[in-house]
Amino acid sequence: MRAAYASALNPEEPLSGLTLGELPLAVPDGWVPVDVRAASLNHHDIWSLRGVGLPADRLPMILGCDAAGVDPDGNEVVVYPVVEDKADPRGFSLFSERHPGTLSERLAAPRENLIPKPAGVSFAEAACLPTAWLTAYHMLVTRGRVADAGAVLVQGAGGGVATAAVALAAGLGKRVYATSRDPRKRERIAELGATAVEPGARLPERVDLVIESVGAATFDHSMKCSAPGARIVVCGATAGHRAEIDLRRVFAMQLEILGSSMGTPDELAALLDLVASGKARPVIDSTYRLAEAGQAFARLAGGDVFGKIVVEP
C-alpha cells in the first residue's frame with residue numbers, strides 16, 4: 001500500500017527523511033484494517049521526523065496520528081489515536097510512535113479504537129478531530145470545566161489546538177479572547193467568534209479559563225488575565241517550557257494550573273456529536289492528496305497555517 005513514512009531522522013532538516021512509497025500492511029491479532037478516506041497532519045509528525053519520540057530502530061515508520069475511514073464491515077469510523085502501551089512510560093503511545101500511522105491508504109487499529117462517524121460530519125472534518133480537536137475539547141470541557149466559565153482566553157490561536165479551542169469555546173456560547181502575532185490570523189480568529197488581540201494585550205475583563213499551549217512567552221499574560229479561581233490549562237510549550245510563575249498571584253487569586261494531554265474515546269464521541277450538531281466545525285487550512293504529502297509537510301513546517309492540513313489517499 002502507498003504511504004508517507006519516515007525513512008530517516010534529521011533534527012535540522014526533518015523533511016529530508018520523509019518518503020512516499022509502498023509498505024506492507026500488518027494487522028496484529030485483535031486489530032482490524034481500515035480503509036483511510038482522510039488523514040490530517042500534526043506538528044507531532046514534524047517532531048517524529050526530527051527523531052523526537054521515534055528512534056531509528058523503528059524506521060521505516062508510517063507517519064500520522066489522525067484518520068477517518070471505513071472498517072471491514074463498511075462502517076464509517078474515526079480512529080481514536082491512543083493505543084495502550086505498557087512499554088511506554090506514559091502507559092500509552094500514539095499511532096506513528098510504536099505502531100504504523102495514518103498517512104497511508106490503509107491502517108490497522110484496535111477495534112475498540114474505532115468510533116462511529118456521524119453522517120453529518122465529512123471524512124475530512126472527522127480526520128481533523130482525534131488529536132488537536134480532542135486535545136482542545138479535553139482542555140475546555142474536562143480539565144477546564146468550561147461549563148462554569150463565562151470568558152475564555154486562548155493563547156497563540158492559529159495552530160491546530162488553539163484554533164480548535166477558539167471554535168469550540170465560541171460554539172459553546174462563551175466569550176472568547178484569542179491572541180496572535182499575525183494580523184491576518186487575528187482576522188480569521190475574529191471570524192470564528194472570538195475577540196482577537198495582540199499577545200500581551202490588556203483584556204476588557206478577567207477570564208475564568210485560559211487555554212495555554214505557547215508556554216514561557218505568554219504564561220505571565222495568562223496569569224495576569226485570570227479571574228479569581230480561574231483555571232490555566234496547559235497542553236504544550238511551543239515558545240519555551242520554562243515559564244516564570246509569580247506564586248503570590250497563584251495563591252492570592254486561588255488559581256489552578258492544570259496539565260492536559262489528549263482525551264478519551266468517550267470524549268471523541270461527544271466531540272463528534274458536537275460537530276454534527278453544527279455548533280462548531282473543524283477549520284481546514286488546505287487539502288492534499290497522499291501523492292502530495294511532501295507539499296503538505298512543507299506547508300506545515302513553514303508555519304503559515306490556520307487550522308488543519310488534510311491528506312486524502
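Leaving aside neighbours within four places in sequence, Ala68 is in contact (heavy atoms within 4.5 Å) with Asp35, Val36, Arg37, Ala38, Val77, Val78, Phe123, Ala126 and Ala127. The model is a predicted one, in which local features need pLDDT of at least 70 and side-chain atom pairs count only at pLDDT 80 or more, while totals for chains, interfaces and linings use all residues. Residues are numbered from 1 along each chain as its sequence is written, and side-chain values use heavy atoms, with hydrogens and water left out.

- Ala68 is found in strand S5; helices (H or I, at least four residues) and strands (E, at least two) are DSSP runs, numbered from the N terminus.
- Ala68 counts as buried because its relative accessible area is 1%; buried means under 20%, exposed over 50% and partly exposed in between, with a 1.4 Å probe and protein chains only.
- Ala68 and Tyr80 are twelve residues apart along the chain, and their C-alpha atoms are separated by 9.3 Å.
- Glu256 lies in strand S16, residues 256–259, and is partly exposed because its relative accessibility is 27%.
- Not counting residues up to four places away in sequence, Glu256 touches Arg145, Gly229, Ala230, Arg231 and Ile232.
- Between Glu256 and Ser226, 30 residues apart in sequence, the C-alpha to C-alpha distance is 9.9 Å.

- Leu168 touches Trp133, Ala136, Tyr137, Leu140, Leu271, Leu274 and Ala280, not counting residues up to four places away in sequence.

**Annotation**
- According to an unreviewed UniProt entry, the annotation "domain: Enoyl reductase (ER)" covers residues 13–311; UniProt positions are given in the numbering used here, feature names are shortened, and annotations may be inferred rather than shown by experiment.
- The span of residues 13–311 is 28% helix and 27% strand, and its end C-alpha atoms lie 22 Å apart.
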